Structures are given as structure tokens and as C-alpha cells.
Amino acid sequence: MHRAPVWRAVTALAVIAISSILALVSPPRLGLDLRGGTQLVFETRDSPTVKADSAATDRALDVLRQRADALGVVDPTLVRSGERRIIVELPGVLDPRQAAEVIGRTAQLAFHPVLGGDGNARDENGGQLRLGPAAITGDGITDAVEQNDPQRGPGWWVSIDFRDAAAWQWMSGAAACEPAGDPKRRIAIVLDDEVISSPPLDPSIPCRTGIPGGSADITGSFTYDEARDLAVLIKGGALPVPLSLVEQRTVGPTLGAAAIDASAKAAVAGLALTAAFIVAVYRMSGLLSTIALACYGLISYAALVAMGATFTLPGLAGFVLAIGMAIDANVLVFERAREEYAQGRGRGLKTALDRGFRNAWSAIADSNVTTLIAAGLLFWLASGPVKGFGVTLAVGVLASLVSAMLITRVLTQAVIGRVGPRLSGLGSPGAVRIWLTRRNPQLMKARKLWLAIAGALVAVAVAGLLARGLNFGVEFTGGRLVEFATAKPLSADAAGQAVSRAGFPSAVVQASGDGVTVRAGRLGLDDVARIEQELEREAGEVTKRSEEFVGPSLGQELRRNALVALGVAVAMQLAYLAVRFRWTFGAAAVLALLVDVTVVAGLFAWLGKPVDGIFLAAMLTIVGYSVNDKVVVFDRVRELWSTRGPFVTAVNSAILQTMPRTVNTGLGALFILVALMAFGGDSLRDFALALVTGIVTGTLSSAFVAGPLAVWLARFDQKPPPGPPVKRRRVSGAVV
């Protein structure tokens with residue numbers, strides 16, 4: 001008994017020390033949406049001779065890695081995702097056309113003898129050539145490098161070294177036997193079925209002797225970039241299977257820096273508001289929990305950098321949001337300790353605090369499991385940067401448990417008992433609890449009214465979904481979304497006319513301030529360049545802030561995954577609650593959860609807000625938060641049912657007793673979200689709007705939807721009420 005606080009203190013110090021070291025020595029790994037660059041997602045396809053399985057994809061990955069290294073990209077990242085997909089991240093590369101053409105080109109290189117000048121192949125000058133079978137393929141080349149020499153004249157060429165010098169000497173020797181000026185004296189170099197060079201052999205090369213040494217130069221008046229790209233393709237070798245680009249994201253470095261700055265401001269503002277609120281409500285206990293909250297930030301950050309996790313913009317939003325969620329466990333403990341002290345079950349504040357930690361653990365564990373389910377589904381089914389949100393949210397939940405149940409406990413146990421009840425913040429039930437105790441409202445008497453109001457809200461939301469529909473983003477529909485920054489503000493009409501002149505009258509164009517966003521289903525990289533030129537005529541200098549492309553097949557897959565994620569989340573929450581409590585509790589919580597989700601979706605339909613991966617992250621977070629809130633209520637219902645008479649009375653009492661926790665936790669999260677809405681960009685504002693709506697409706701539905709539904713469903717549950725908890729008595733002295 002007496003050693004437990006000591007060991008807790010030692011463990012807490014060790015955790016803080018290790019986290020501090022990791023935070024100092026491990027640099028954060030920023031995603032491309034924060035540091036700028038291009039992300040490409042390729043999907044391998046079956047060829048007539050090779051099946052695109054995991055082995056073929058791995059071989060293609062090796063080729064792409066050689067090309068990325070040869071391009072000179074600093075710290076490129078290439079990983080296989082699933083059996084057929086390859087994710088390529090190129091920091092600092094802001095031209096997706098060059099990246100996609102060089103990195104993902106099939107690059108089937110071959111050297112062909114020329115059989116005459118009357119064939120179907122066109123040479124580099126537009127002439128006709130008839131080619132023979134390939135004599136040397138890309139596998140027969142060991143190296144390729146771009147070169148230039150002012151003494152040989154302007155322009156660049158590509159120098160090639162052959163693996164089989166004898167094959168090249170025989171091929172060049174056979175062509176040298178033809179007379180000068182005859183097309184047969186040329187050797188055609190073909191890349192992806194296109195003749196890129198067909199130089200004639202020099203007259204000095206003797207017949208059948210050929211060019212010794214196993215090397216040759218590809219000439220063609222290349223620019224430096226053309227020569228370098230060709231050398232990269234040749235040296236990298238041919239891909240074993242064809243690749244298709246299914247997703248592409250490009251973010252400028254200034255946008256990433258602005259996102260980091262906005263997230264930092266939101267974190268500081270949110271933490272300051274939450275700290276001020278929690279100290280005002282819980283005084284000394286709140287101050288100590290604020291210190292633990294700062295440690296929570298350190299622990300979660302250290303865990304993320306130690307894992308090598310990539311920080312993305314949604315991930316930073318999750319990190320900021322988890323600050324508000326981390327206070328939930330502290331609020332549960334402090335409210336429970338207030339109850340224990342007010343009921344006189346302990347002999348002082350310290351005993352009440354110990355009982356608060358012990359009795360709140362069940363609700364804390366249940367509520368955090370539901371959030372972890374949502375985070376796991378995000379990581380499993382989401383795409384791109386949204387996966388970072390799932391990782392950050394999961395790490396934040398685990399770190400908040402360490403913060404509340406270990407660090408806060410050590411700090412409060414060291415201080416509480418040495419200060420008076422008023423200063424401790426635990427001696428008074430609190431203004432909300434005092435008001436509820438004095439009024440004792442019988443909320444369940446009007447349960448039919450509450451359900452009718454909820455039904456009306458759902459009807460309005462469904463009407464919006466049917467009348468307006470959801471504005472699915474590029475991530476779910478496929479297409480390309482490009483955001484431009486303009487030197488001077490441009491109206492939506494002027495921007496739309498510029499995009500129409502570029503050849504896309506049906507594109508969705510939005511203009512706000514100094515930014516223009518263009519979205520279209522079939523928009524190529526060259527088309528984006530034309531749109532940029534037309535916008536420059538209207539608004540002066542135009543720079544591309546970000547670009548996102550999702551292929552139609554991937555868009556359908558992501559949309560399907562989003563529906564699966566929401567369905568699985570609801571099903572898993574129902575299963576967990578049914579096992580943890582009883583099926584009527586689980587059904588009531590999930591039905592109330594569906595009300596919350598429908599209201600949020602309906603609001604976005606009426607407002608025309610985009611529904612994308614960020615929205616999916618918000619919805620799954622709402623699922624976790626909403627069920628979290630209802631778990632706390634039903635955990636108290638289970639505790640009171642056996643001692644407070646009828647079930648409806650137990651539900652009413654549980655709602656009133658847990659309302660202080662609900663209000664305080666909700667306000668803590670809302671402070672963070674208000675900060676995100678104030679400092680975040682457009683996508684984070686929509687994310688915060690969805691969460692604010694979800695938290696408000698989730699808090700209200702716990703009392704006015706889940707409670708009445710549980711009372712109504714209780715008639716179908718024949719299981720008896722739980723018995724009172726068995727308390728073990730401590731016996732001192734000898735046993736006779």
C-alpha cells in the first residue's frame with residue numbers, strides 16, 4: 001500500500017525523462033503536405049507475359065527507387081502498399097508532370113537495326129523507317145549518363161555502356177557494311193515504341209568491325225533536362241510490369257509552412273483556453289492536471305517521433321484535438337472524487353481522490369476503447385494524410401491514459417490533503433451539480449418529446465441529403481483538384497471564364513480572396529498549365545499552392561472504404577457495448593449515434609461543404625466521442641440500477657450525475673475546436689465545424705435520445721438488474 005505511490009512517482013519520472021530524451025534527439029518526420037513536394041501512387045497492371053503480383057511490384061519498386069535516386073531528389077520515400085500499389089514521395093519536387101513522366105514511365109528501351117526507309121516507324125525528324133527485331137534491350141545496358149562538350153558543339157547527349165560489348169560491336173559492324181546515306185546504315189534507338197534517335201554510323205567505321213569497347217552515344221540535340229531524364233530512364237532499366245498513376249498530391253512549401261504555423265497557434269491557444277477553464281473549475285487539482293496535460297503533449301510527441309510516424313496536416317489536427325480529449329479522464333476522476341467527498345464515504349480529500357481514481361477507471365477504459373476503434377478504422381481504411389490522423393489519435397488516447405492515471409495521480413496525491421477543500425477544487429460539488437441537485441429535473445418524463453425533436457432533426461437532415469446531396473470531393477469521385485494563389489483577388493465569374501477559355505467550361509471553380517480552386521474529372525497535367533496561363537492574364541502572377549489527383553477506380557474504392565469504415569465502426573461499437581453492458585444499452589447508444597452522424601451529414605449537405613477524407617476523419621472521431629459520452633452515462637446507470645428502484649429512475653439519476661462531466665469535457669474539446677476554426681485553413685475549418693456539430697449533438701443525444709431509447713428498449717430485456725457490487729472487507733488481527 002505505502003510503496004504504490006513511490007513506484008508510481010518513479011514510473012512517472014522515468015516516462016517523462018525518456019520522452020524528453022526522445023523528443024530532443026529524434027527529429028520529426030514531416031509529410032509532404034507540411035514540407036512541400038509531390039506524392040505519386042502507382043498501381044501495377046498485368047502485362048501479356050507478367051502478372052502484377054507482389055513480387056512483380058517489388059521489382060518495379062526497385063526500378064523506381066533507382067530512378068528517384070538518379071533524379072537527385074533529397075530523401076525520397078518509396079514503399080509498397082498492398083499487393084499492387086507503390087507510394088512515391090518526392091520532397092521538393094513541385095512539377096508533377098516531370099515526376100510522373102520520369103518516375104513512372106514504362107521505359108522499354110531497345111536498339112533495332114534499320115531494314116529500310118519505307119516502314120511504319122517515324123524517326124526523330126518525322127521520316128519513315130522499317131525496323132528489324134530488337135538486337136539489344138534495356139537489360140543489356142550497365143550505365144547511362146548525360147554529357148556535353150563545347151568542342152563537339154552545343155547540346156547534350158547520353159553516353160551508354162553495354163553489358164555485352166560483343167553484341168553492340170556485331171550490330172554496329174553489320175550496319176557499317178551498308179553504303180553512306182542508305183537508311184540501313186542507321187541504328188534506331190526506341191523508347192516505349194517511339195524512335196528517340198536513329199543516328200547513322202560514321203563513315204570511318206569499317207564493315208563488320210563495328211564499334212569496339214562496349215559504349216555508344218545517343219545524340220539528338222537534347223537539352224540538359226531531356227538528356228538527364230533519358231539517362232535516368234535508361235539506367236533505371238525497364239519496368240517489369242506497366243504502371244498507371246492512380247493518385248497524385250502536390251503541395252507548395254509555403255502552404256506547408258503556413259499549416260504548421262496555424263496548427264502551432266491552434267495548439268497554444270487551445271491549450272491556454274483549456275488550462276484556464278480547468279483551473280477555474282477545479283482550482284489546485286485543475287492546475288496539477290494542466291501540468292500533466294503538458295506532459296501528455298510531450299509523451300505523445302515523443303511516441304510519434306520514436307515510431308517514425310509522419311506528421312501530416314490532419315495528423316497535426318488530431319494532435320491538437322487530442323489535447324481536448326486528454327482532459328476527459330481528469331474530469332471523470334475529479335467529478336467522481338467530488339461525489340465521494342460530498343457523500344462522506346472517505347475520511348478526507350485524499351481518500352476521496354483515491355476512490356475517484358478507482359471508481360472512474362471503468363468508464364475511462366470503456367470510453368477510450370471506443371475511440372481506439374475509430375482510430376484503428378481510420379488507419380486501416382483511410383488514404384493518404386488521413387492515416388496520420390488515425391495514428392495521432394490512437395497515440396493521443398494512450399498518452400492521455402498515462403497522463404491522467406499516472407502523472408495526474410502522482411501530482412494530486414502529493415498535494416491534495418496538504419491544502420484545504422476549497423483550494424483543492426474537490427471540496428465543492430460544483431455549480432452545475434449544485435443546480436441539478438436543487439432542481440432535480442425529471443428528464444425522462446418528457447422522453448417522448450425528446451425523441452420527437454430528435455426525429456424532426458433527422459428528418460431535416462435527410463431532406464438535405466435527398467434535396468442537395470453530398471458534395472463529394474475529388475478523393476471520393478476521382479479527378480483533379482488544383483488550388484492557385486493569385487497576385488490580386490479574382491471574382492468567381494472571372495476565374496470561371498478563364499478556366500472556360502482553357503477548355504474546361506464544366507469545371508467547378510471557386511474563388512476566395514487571393515485563391516482560386518479548380519476541380520474537374522478529366523484534367524491532365526498539361527491542362528493545368530493552360531489554366532494557369534489563362535488565370536495569369538486576369539490576375540497577374542499565379543502560383544500553384546497544391547494539386548491533388550485521384551483516379552476514378554481509386555475514388556470508387558475510397559468511397560466504398562468510407563462507407564465500410566462507418567458501417568464497421570457502428571457495428572463494432574454496438575458489439576462492444578453489448579458485451580460490456582447489455583444489448584439494450586448498445587442498441588440505444590448506436591441509435592443515438594446514428595442521429596448524431598445523420599445531423600452532421602445533413603448539415604454538410606445543406607451548406608454544400610466538401611465531403612472528403614478529412615470529413616471521414618471527423619465522422620469517425622464523432623463516432624468515438626459520441627459513444628464515449630454514452631458509455632459514461634450507461635456505466636453510471638448500471639451502477640445505480642440496483643440501488644435506485646425502477647430503471648427509469650436510474651437512467652434519470654445517471655444523466656444528472658454525469659452531466660457535470662459531460663459539460664466540462666465538452667467545453668474542453670470545444671475550446672480546441674474553436675482555436676482550429678480560428679487559425680486553421682479551409683479544410684481544418686470544415687473539420688472543426690463537423691466536430692463541433694458532432695460534439696454538441698452527441699452530448700445532447702446522450703441525455704435526450706440514448707436515455708429515452710434505453711428506457712423504451714428495457715421492456716424487451718428480460719435480464720435482471722445487476723446486483724450491488726461486493727465490497728471486500730479488510731480484517732485486521734488474527735483469524736481464529
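The model is predicted: local features need pLDDT of at least 70, side-chain atom pairs count only at pLDDT 80 or more, and totals for chains, interfaces and linings use all residues. Residues are numbered from 1 along each chain as its sequence is written, and side-chain values use heavy atoms, with hydrogens and water left out.

**Exercise 1. Overall description**

State how many helices and strands the protein has, and what share of its residues is buried.

Solution. Step 1: the secondary structure comprises 21 helices and 20 strands; helices (H or I, at least four residues) and strands (E, at least two) are DSSP runs, numbered from the N terminus. Step 2: of the 736 residues, 50% are buried. Here buried means under 20% relative accessible area, exposed over 50%, and partly exposed in between, with a 1.4 Å probe and protein chains only. Step 3: the C-alpha trace spans about 115 × 65 × 50 Å along its principal axes.

**Exercise 2. Helix α18 and its two partners**

Describe how α18 packs with α19 and with α13.

Solution. Step 1: α18 (residues 583–607) and α19 (residues 613–641) pack at an angle of about 145 degrees, with axes 10 Å apart. Axes are lines fitted to C-alpha atoms, for helices over the stretch in contact, and angles run from 0 to 180 degrees between N-to-C directions. Step 2: the crossing of α18 and α19 is right-handed. A crossing is right-handed if the near helix is turned clockwise from the far one by less than a right angle, and left-handed if anticlockwise. Step 3: residues of α18 including Phe585, Leu593 and Phe604 meet residues of α19 including Phe615, Ile622 and Phe634; contact means heavy atoms within 4.5 Å. Step 4: α13 (residues 447–467) packs with α18 at about 45 degrees, with axes 8 Å apart, and this crossing is left-handed. Step 5: among the residues in contact are Leu457 and Val458 in α13 and Val595 and Trp606 in α18.

**Exercise 3. A residue of α18**

Determine whether Asp596 is buried or exposed, and which residues Asp596 touches.

Solution. Step 1: Asp596 is found in helix α18. Step 2: at 0% relative accessibility, Asp596 is buried. Step 3: leaving out residues up to four places away in sequence, Asp596 touches Ser626, Lys630, Thr697, Gly698 and Ser701.

**Exercise 4. Helix α15**

List the buried residues of α15 and name elements that cover them.

Solution. Step 1: in α15 (residues 492–501), Ala494, Ala495, Gly496, Ala498 and Val499 are buried. Step 2: the elements covering these residues include β17 (508–512), β18 (515–520) and α16 (525–539). Step 3: Gly503 follows α15 and has a positive phi, near 110 degrees.
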